[in-house]
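Open the model in your viewer and keep the selection tool at hand. This tour goes stop by stop, telling you what to select and what is there.

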Amino acid sequence: MRYTFGHVVLFLTPLIAIVALMYFMVGWTIYVSMNDWVGMAPMWKFIGLKNYGTLLGVSGANPLSDRFWVNFRNNMIWLFTFIVPAAAVGLLLAYGLELIGKAEAVFRPIFLHPLALSFGVTGTLWAWMWDPGDGVINTILRGLGLKFLA
């Protein structure tokens, strides 16, 4: 099959739309961060980089500055305690399975079946809950006098 420009546009349009939305959200966040804005109040006053100066403690001693650095430290602790080791273990397991060779046929199902089974179990549970005759949700609806919803 020969691809035309129409195919390219058809398949890339959703991707371009998602990327454009992401860039818009980043730009909106930067714009909002440079305003004196309180929650959902309709007042917007552009103040430039003053919020960043306050956050980093450039404009004098400020409790926000202390809170920011405590939060930053806590996030780094979480990052290096949980995310980095989890990514490292996953990478090592993937690399180890790649090196093993023939044993891959044994180990791959051990790691992948729990993922696939979880979808099957979840689907079965939902089917049982919504069963028209004896499902938990429809039984509760009938018990509450909402038989028309069951």
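**Stop 1: Ser33**

Select Ser33, which is found in helix 1 (residues 5–33). Helices here are DSSP runs of H or I with at least four residues, strands are runs of E with at least two, and both are numbered from the N terminus. Before going on, note that this is a predicted model, where local features need pLDDT of at least 70, side-chain atom pairs count only at pLDDT 80 or more, and totals for chains, interfaces and linings use all residues. Residues are numbered from 1 along each chain as its sequence is written, and side-chain values use heavy atoms, with hydrogens and water left out.

Is Ser33 buried or exposed? Ser33 counts as buried, because its relative accessibility is 18%. The cut-offs are under 20% relative accessible area for buried, over 50% for exposed, and partly exposed in between (1.4 Å probe, protein chains only).

The side chains of Ser33 and Tyr52 are joined by a polar contact of 2.5 Å. A polar contact is a pair of N or O atoms within 3.5 Å; within protein, one must be able to donate a hydrogen and the other to accept it, and residues adjacent in sequence count only if both atoms are side-chain atoms. Not counting residues up to four places away in sequence, Ser33 touches Gly48, Asn51 and Tyr52. Contact means heavy atoms within 4.5 Å.

**Stop 2: Asn35**

Move to Asn35, in strand 1 (residues 35–36). Asn35 is buried, with a relative accessible area of 5%. Show its side chain. The Asn35 side chain reaches the backbone oxygen of Tyr31 at 2.6 Å. A polar atom of the Asn35 side chain also lies 3.3 Å from the backbone nitrogen of Phe46. Which residues does Asn35 contact, leaving aside neighbours within four places in sequence? They are Trp44, Lys45, Phe46, Ile47 and Asn51.

**Stop 3: the aromatic rings**

Select Trp28, Tyr31, Trp37 and Trp44. Ring pairs link these four, Trp28, Tyr31, Trp37 and Trp44, into a cluster. Rings of Phe, Tyr and Trp (its six-membered ring) pair if their centres lie within 6.5 Å; planes under 30 degrees apart count as stacked, over 60 as edge-to-face and the rest as tilted. By this rule the count comes to eight aromatic pairs. Zoom in on Trp28 and Tyr31, a tilted pair with 5.7 Å centre to centre and 40° between the planes. Trp28 and Tyr31 are separated by about one helical turn, because they are three residues apart in helix 1. Trp28 is partly exposed at 45% relative accessible area, and Tyr31 is partly exposed at 41%.

**Stop 4: Leu21**

Stay on helix 1 and select Leu21, which lies there. Leu21 is partly exposed, with a relative accessible area of 46%.

**Stop 5: Trp69**

Finish at Trp69, in helix 3 (residues 63–100). Trp69 is partly exposed, with a relative accessible area of 41%. Trp69 and Leu56 are 13 residues apart along the chain, and their C-alpha atoms are separated by 8.2 Å.
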